[in-house]
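Below is a briefing on one protein chain and the ligand modelled with it. It covers domains, barrel, ligand shell and overall dimensions in turn.

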Amino acid sequence: MNKQLHVAVAVIEDTQGRILLTQRAADKHQGGLWEFPGGKCEAGESVLQALARELQEELGIEVVNAEPLIQIPYQYPELNVLLDVHRVTAYRGDAHGAEGQPMQWVAKAQLQQIAFPAANRPIVCAVQLPQQYLVTPTGLDAEALYQGVMRAAAQGIELVQLRAPELSEQAYFALVERLLQALPVSCRLLIKGSWAQVQDYEQAGWHLTSAQLEQFAQQSERPLPSNRWLAVSCHNAQQLAWATQISADFACLSPVQATASHPDAQPLGWAATAELIAEAQVPVYLLGGLQPSDLTQAFIIGAQGIAAIRGLWS
Ligand SMILES: Nc1nc2c([nH]c(=O)n2[C@H]2C[C@H](O)[C@@H](COP(=O)(O)OP(=O)(O)OP(=O)(O)O)O2)c(=O)[nH]1
Ligand SMILES: [Mg+2]
């Protein structure tokens, strides 16, 4: 395989939640497409140094703070890149196309419509996804689940997987309907089940078990329209590769640590988890014995954030 080009990439958001994009020159690799500003790390340069230099050159701004968002290894037929993406959370100066390149601010929800290089798909998902994914606990009846999810949404949780294996099919989908009607737009629900069961709930995303993932991976195509979140449960590198193959929007990788809900599962541990994330081409939430206090460590190893049951349920 040819040498991997390390590329510093910036996600810059304005106060209205719009993201800054610039257009690549027609004569460059991926020319004419829109991109997140940035460029190649030079010899001896760290990714943050490269980010600061590139944004000074391309946008005329000085980076004050940047935080890791996602790393995407991607093999173009002609070039092997590692997109090392950071959110620039503070900068000085007025961002402008300092090299004469066209620039635009695009609402997060519109990013799906933009013509980006193929490697950028996971960035678009990562930008739109929150840092925490609540998975509902077992042992609760439908009313307690309803109240708890509504409470979580009111407390700022933006993404919820409704997992309720103890409810009958009828009770589960009655709860889905009730939640879809009541939840604020800021909180999105992912549901579980077969395609026949979930297809009509167009406002809900779909969270696949790893067994469902394996089955859809044989067909190599995304089993859900692109306007609905598609998530998958993964426990190893093969499943993370399948997640990319079916164009899933994100994965939950588990169990990172020992957990009461799955006492027999062998935990991955942080080191193996970091290696799996480094190869993944989808945003990854870490699951298994984690709390909001583990977020810092999760970001350090390149995760989107944490998924949690008890850690996010109050
Ligand atoms: N900056 C940026 N590069 C991207 C994105 N997506 C993507 O596949 N790439 C690829 C295209 C290029 O092969 C590589 C970035 O290199 P570049 O050509 O921008 O590097 P540079 O700014 O240092 O440019 P130059 O000095 O060579 O003109 O990464 C993206 O969103 N932003
Ligand atoms: Mg560039």
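In this predicted model, the C-alpha centres of domain 1 and domain 2 are 29 Å apart. Domain 1 spans residues 4-110, and domain 2 spans residues 132-312.

**Domain contact**

- Across the boundary between the domains, seven residues of domain 1 are in contact with seven residues of domain 2.
- On the domain 1 side of this contact, five residues are nonpolar, one is polar and one is charged.

**Barrel**

- Eight strands form a closed barrel with parallel pairing, in the order 8-9-10-11-12-13-14-15.
- Strand 14 (residues 284-286) and strand 15 (residues 305-308) run parallel and are joined by two bridges.
- Within this pair, Tyr285 lies opposite Gly305 of strand 15.
- Helix 7 (residues 237-245) packs on the sheet, where it touches strand 12 (230-234) and strand 13 (250-253).
- The direction of helix 7 makes about 165° with that of strand 12.

**Ligand 1**

- The shell around ligand 1 consists of 17 residues.
- The closest of these residues are Glu35, Gly38, Gly39, Pro117 and Ala119.
- Three strands each supply at least two residues of the shell: strand 1 (4-12), strand 4 (38-40) and strand 6 (80-92).
- Strand 4 gives the largest share of the shell, with three residues.
- By residue class, the shell around ligand 1 holds eight nonpolar, five polar and four charged residues.

**Overall fold and dimensions**

- The protein contains nine helices and 15 strands.
- Its radius of gyration is 20 Å, close to the 20 Å given by the globule rule for 314 residues, so the protein is as compact as a globular protein of that length.
- Taken along the principal axes, the C-alpha atoms fill a box of roughly 60 × 40 × 40 Å.

Methods. Residues are numbered from 1 along each chain as its sequence is written. Chains are lettered from A and ligands numbered from 1 in the order in which they are written. This is a predicted model: local features need pLDDT of at least 70, side-chain atom pairs count only at pLDDT 80 or more; totals for chains, interfaces and linings use all residues. A residue is near a molecule or strand if its C-beta atom, placed from the backbone, lies within 6 Å of it. Helices (H or I, at least four residues) and strands (E, at least two) are DSSP runs, numbered from the N terminus. Ala, Val, Leu, Ile, Met, Phe, Trp, Tyr, Cys and Pro count as nonpolar, Asp, Glu, Lys and Arg as charged, and the others, Gly among them, as polar. Domain bounds come from an automatic or database domain assignment. Two residues are in contact if their C-beta atoms, placed from the backbone, lie within 7 Å. Two strands pair if DSSP finds at least two bridges between them. Axes are lines fitted to C-alpha atoms, for helices over the stretch in contact, and angles run from 0 to 180 degrees between N-to-C directions. The radius of gyration is taken over C-alpha atoms; the globule rule is 2.2 Å times the number of residues to the power 0.38.
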